[in-house]
Amino acid sequence: MELLCLGLNHRTAPVEVRERFAVSSLQLGAAASDLATLADASEGVVISTCNRTEFYLAASDASQALVLLEARLTARESLDPGAASHFYRMAKSEAAVHLCRVVSGLDSMMLGETEIFGQVKQAYQAALAAGTTGSVLNRVFQRAFGVGKKVRSETSIQEGSTSVGSVAVDLAEKIFGHLKDSEVMILGAGEMSRITAQSLVSRGARSIFVSNRSFDRAEALASEMGGQAVRFDEWQRVLERVDVVISSTGAPHALIHRSDVEKVRRARKFRPLFFIDIAVPRDIHPDVAEIDEVYLYDIDALEQLASEARSRRQLQIQHCERIIDAELAKLNLPGT
Amino acid sequence: MDRWFLLIATLLAAIGWIWGMICVHRGTRSHWTVAWMVAALLCQVGFLAVRGQLRAACPLQDLGEMLVFLAWSLTFFYLLIGPAYRISLLGVFSAPLVVGLQSAALISGVLTTGPLRDLTPNIYHSLHSATSVLAYGALALAGVAGIMFLILDRQLKIHHLKSGLFRNLPPAHELLASLERLLWLGTGLLSLGVIAGFLMPRSTPQQSHFLVALAVWIGYAALLAVKTWRGLTGRKLALAAVAMFIFSLVVFARI
């Protein structure tokens, strides 16, 4: 029996192709059963996330099984034969190494992301429940989970925030601890503000105030986020109570000046205030950062931090791959 | 025997400190700092027990004993607050202060050799000494939390967020909350010490020591009053906690 992998991901296929092969989490077991019915195949697991769909199988004749699987997939999705160019094919140890890389987040769009571990585990458990795993896939997947854990614990592949939104949230947590007592004000109902504010809400931020020149848009975003709309000429009043301000208006000049913050310091009892300025031109005058309790980060500062984290993760890849090779070499896995 | 306890306690705290610094440098959490500090605390208790037996009274009769009692109090409050509020790094910052205080006590002449029994123990004197030194332990730890906050604040201000120290430092809000809690605890204990000081018989040299202690108490009480009613920035509160503790050391210089 040989281990095989056929798949496509964000690097090999555009989203319009990927979405045609996507399998919902509820259908993973059925998809694995379908895979195991292929001639020559006796075991199958299907992994499907927003960035990849992969078919793992154990078959007695690898090349034959791959041809059959490709033909079935292209026929089912009514794809032209050229669509096969989006697939990657791997066998034996190469497939096992690939699975370990996937589980460890090395093959993810966001290098080192942790969600993939749970997604692969869910796919494996669905196949296990459907009875489509056996001596080959059970050992390979269990080994891959062990390797994934080791990679995460022994390297810093998952350390640091790699997007502007997550950097902002991590900084907010470094200042305020848990965010359940924190209140957030959004100035300007733009997309970036919405994404960043959503990240803060997902980590427990208590309430959101949205202020925008167009009050209708403020109301729409506030209603979407379960917050409260504030008229644009009243944001200074709200500044007295909030802990985090996310600003991304289209104003051609600074909107928040040192004097605006100085006015409310006493009323705030000098509590820390975190400004996230993602507007270009900047909404918050740099002088504001000179106030003792203010922490000001503009888009360049946030992007630089995210970029540094991404670079640090890149530097960890070789270390992770050495761990994968060493761990796989320890065992003579079936099918490899 | 008492010196051996003190020496071992100092070495254990030094190991905890160095081990913690290595972990911080690597960017990992220092789980063993608590263990080293617990061991140091046990040796401090051993030292104080031996000295207490020799004195047949609270071992707070000379500068050396006071320094060790202060180090014990600092370690005790760290163990009480640090792990509970997940401020493990507080141990890494407290350990050097413990090492410093105990090393000072180990300097020849600071700790009385062959201490005499206290034949006329006074309850108010013992209460004054014990609660005051306990208070200074809490206030020292508040100073340590203040230093930690100032480092974190500086790193957040200048966007220097890559160091292992930054990753390991607890959130600013938790540091300030612990600092404030320790200031309240320390000032409360110091109040007891001051009240006991009023009640105990005092000689003329002790009068100036008592006045300095009273000034320290007024300083801390004023700091808390300002923080509570007017509010203070974290930076000013932390700076005041550090400055006040350094000033309070004058009390020990007057002993």
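Two strands are taken to pair if DSSP finds at least two bridges between them, and helices (H or I, at least four residues) and strands (E, at least two) are DSSP runs, numbered from the N terminus. This is a predicted model, in which local features need pLDDT of at least 70 and side-chain atom pairs count only at pLDDT 80 or more, while totals for chains, interfaces and linings use all residues. Residues are numbered from 1 along each chain as its sequence is written, with chains lettered from A and ligands numbered from 1 in the order in which they are written.

**View 1. Strand β6 of chain A and its neighbour β5(A).** Strand β5 (residues 183-187) of chain A pairs with β6(A) in the parallel sense over five bridges, and Leu187(A) stands opposite Ser211(A) of β6(A).

**View 2. The pairing of β6(A) with β7(A).** Strand β7 (residues 228-231) of chain A runs parallel to β6(A) and is joined to it by four bridges, with Val230(A) as the bridge partner of Ser211(A). Together with helix α9 (residues 215-225) of chain A, β6(A) and β7(A) make a right-handed β-α-β unit.

**View 3. Helices α1 and α2 of chain B.** Helix α1 (residues 2-26) of chain B packs against helix α2 (residues 32-55) of chain B at an angle of about 165°, with their axes 8 Å apart; axes are lines fitted to C-alpha atoms, for helices over the stretch in contact, and angles run from 0 to 180 degrees between N-to-C directions.

Definitions and conventions: A crossover is right-handed if, with the strands pointing away from the viewer, the path from the first strand over the helix to the second runs clockwise.
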